[in-house]
Amino acid sequence: MKACINGVTIGYTDRGEGLPVVLLHAFPLHRGMWHPQVESLARSYRVITMDLRGHGESDAPLWRYSVQQVADDVRGLLDHLSIRQAVFAGLSMGGYVLFALYRQDPRRVRALILADTRAQADTPEGRAARFHLAQTAYRQGPGAVADVMIPKLLSPATHQANPDLVLQVRAMIERTDISGIAGSLMAMADRPDSVSLLEQVTCSTQVIVGDLDVATPRADAELLAERIPGARLAVIPGAGHLSNLEQPDRFTDVVRSFLSDLPNG
Ligand code: MLT
């Protein structure tokens with residue numbers, strides 16, 4: 001399905017009934033990365049996945065945008081769907097968007113699932129790497145971006161044991177427009193630090209990290225779990241950065257158990 005939100009076409013999927021659960025994807029992928037979770041969760045919940053602007057079926061406008069604008073799109077889509085409050089899960093870049101959304105309107109957030117993400121802003125080296133990756137995208141296309149990103153997204157064990165998954169992730173990256181890759185890189189490079197926000201989070205929170213995640217390692221997840229009052233931490237064995245794809249059943253079990261422990265979940 002598609003909707004025009006804040007002047008941009010946004011692709012989304014709305015499945016199931018019950019408590020709304022919104023899943024926000026990683027960079028430079030699209031909502032299809034949640035496929036293993038959607039099937040299972042939609043049996044008990046209303047599951048919404050969306051392509052963040054610049055990705056998948058959503059427009060990739062050739063102009064600078066911010067993580068705050070992406071969070072506006074999420075809220076705009078919820079308005080379009082008449083959803084006042086939801087549980088939100090964000091993996092990596094999806095988590096960055098959730099920090100912005102929580103800052104904008106915490107009342108919309110029933111609970112948070114922060115997977116393989118971090119609260120800290122980019123270091124100067126991290127920003128420089130994003131600049132170089134944007135130039136790579138512009139000069140050599142999304143295939144070259146996949147070459148750089150895939151070793152950071154998937155663990156060596158996944159490369160060995162699950163070559164089909166490596167191909168699926170490559171295909172998701174290769175369909176991303178260059179303007180979307182560059183736009184999201186700029187947005188992430190400019191995102192504010194969210195560490196001071198963590199102790200203000202009052203909703204139930206589940207933090208998840210793959211034990212082999214090199215992009216946002218376990219220490220980043222531990223910081224989230226230590227600073228967010230009452231947060232739970234789950235470490236997924238045998239998973240790298242894309243823990244929901246590398247260990248889909250374990251990831252879904254953590255999410256299901258968190259959701260069922262919510263009051264009236
Ligand atoms: C992601 O998976 O969304 C990216 O690795 C996030 C980032 O580059 O910081």
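1. The ligand sits in the largest pocket. Here a pocket is an open set of points on a 1 Å grid over the protein atoms alone, with protein on both sides within 12 Å along at least five of seven lines. "Sits in" asks that more than half of the molecule's atoms lie within 2 Å of the pocket's grid points.

2. Before you go further, a friendly reminder: this is a predicted model, where local features need pLDDT of at least 70, side-chain atom pairs count only at pLDDT 80 or more, and totals for chains, interfaces and linings use all residues. Residues are numbered from 1 along each chain as its sequence is written, and side-chain values use heavy atoms, with hydrogens and water left out.

3. Around the ligand you will find Ala-26, Phe-27, Ser-92, Met-93, Tyr-96, Arg-130, Leu-153, Met-188 and His-241, each with a heavy atom within 4 Å of the ligand.

4. Polar contacts (pairs of N or O atoms within 3.5 Å) are worth a look. Tyr-96 places a side-chain N or O atom 2.6 Å from a ligand oxygen. For Phe-27, a backbone N or O atom is 2.7 Å from an oxygen of the ligand, and a polar side-chain atom of His-241 lies 2.8 Å from a ligand oxygen. The protein covers 91% of the 270 Å² of accessible area that the ligand has on its own (Shrake-Rupley method, 1.4 Å probe).

Notes
Polar contact = N/O pair within 3.5 Å; in protein donor to acceptor, adjacent residues only side chain to side chain. 1 Å grid on protein atoms, 1.4 Å probe; cavity = no way out; pocket = protein on both sides within 12 Å on 5 of 7 lines; lining within 4 Å.
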